[in-house]
Amino acid sequence: MNTLTAETFFAFEADFVEDNVRCIPMIVRFKLDSCGIKLKLKEWSHMTAAEREQLALLPCHTADEIGHYKNTLLAFIRKYTGESGTEIPVMINPPWAITDEIPYPLQEKLKEFNWAISIRQWLQLSELQRFALLKLSYPGHENRNFPLAMREFNLC
């Protein structure tokens, strides 16, 4: 397949994208939240590199695309685990879609680094960039990528 581009992944993800997309990239995590499926790393690791690329590239915006994405993902999970996949609730108004305030988890993470961003900066980010910053600000996430993302998004 090998149709992945720099626009598909963030630069801060390069170390694991180049290694057959061994970790679940933000673009796929974003789509998982959109279609309401929890994908475990063990399930991801069973998929081929081509299947992982397919999940990164498949559109997932309209109701039809989200349905197709979900069916494709569930078929991959079933193929490798025999399980039906784990459904999660789809947020109606997720924090990365809110543009009139900086979400609390991100504010707290910014404080750890003695950084701040303005509402204007938050608005200038794409929805996927806002999603990534939030995911990277949650406890237990690999913290080394947060400063890399902030630099990549020209926020520090």
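Here are the questions and answers.

Residues are numbered from 1 along each chain as its sequence is written, and side-chain values use heavy atoms, with hydrogens and water left out. This is a predicted model: local features need pLDDT of at least 70, side-chain atom pairs count only at pLDDT 80 or more, and totals for chains, interfaces and linings use all residues.

Reader: Which pattern does the chain follow along the sequence?
Author: Helices (H or I, at least four residues) and strands (E, at least two) are DSSP runs, numbered from the N terminus. The chain has nine helices and two strands. Read along the sequence, the pattern is α-α-β-α-α-α-β-α-α-α-α.

Reader: What is the radius of gyration of the chain?
Author: This radius is taken over C-alpha atoms, and the globule rule is 2.2 Å times the number of residues to the power 0.38. For 156 residues, a compact globule would come out near 15 Å. The chain agrees with that, at 16 Å.

Reader: How many disulfides are there?
Author: A disulfide is a pair of cysteine sulfur atoms within 2.5 Å. The sulfur of Cys23 is too far for a bond, because the closest cysteine sulfur, in Cys35, is 19 Å away. Cys35 is in no disulfide either; its nearest cysteine sulfur, that of Cys60, is 5.5 Å away. The count is zero.

Reader: Is Cys35 buried or exposed?
Author: Buried means under 20% relative accessible area, exposed over 50%, and partly exposed in between (1.4 Å probe, protein chains only). Cys23, at 22%, is partly exposed. Cys35 has 4% relative accessibility, so Cys35 is buried.

Reader: Which element gives the most residues to the lining of the largest pocket?
Author: On a 1 Å grid over the protein atoms alone, a pocket is an open set of points where a 1.4 Å probe fits, with protein on both sides within 12 Å along at least five of seven lines; lining residues have an atom within 4 Å of a point. The largest pocket holds about 400 Å³ of space, where a volume is the space filled by probe spheres set on the points, which are joined across faces, edges and corners. Two or more lining residues come from each of α2 (26-35), β1 (37-38) and α8 (127-137). The most, five residues, come from α2.

Reader: How many residues of that lining are nonpolar?
Author: Ala, Val, Leu, Ile, Met, Phe, Trp, Tyr, Cys and Pro count as nonpolar, Asp, Glu, Lys and Arg as charged, and the others, Gly among them, as polar. Of the 21 lining residues, those closest to the centre of the pocket are Arg29, Phe30, Leu32, Asp33 and Ser34. The lining has five charged residues, two polar and 14 nonpolar.

Reader: Lys135 and Asp33 meet in a salt bridge, but how many residues apart in sequence are the parts that the pair ties together?
Author: A salt bridge is a side-chain nitrogen of Lys or Arg within 4 Å of a carboxyl oxygen of Asp or Glu. Here the N to O distance is 3.3 Å. Lys135 lies in helix α8 and Asp33 in helix α2, so the parts tied together are 102 residues apart.

Reader: Glu112 and Lys109 also meet in a salt bridge, but which of the two counts as buried?
Author: The pair sits three residues apart in helix α6 (residues 104-112), so about one helical turn separates them. Glu112 is exposed, at 59%. At 4%, the buried one is Lys109.
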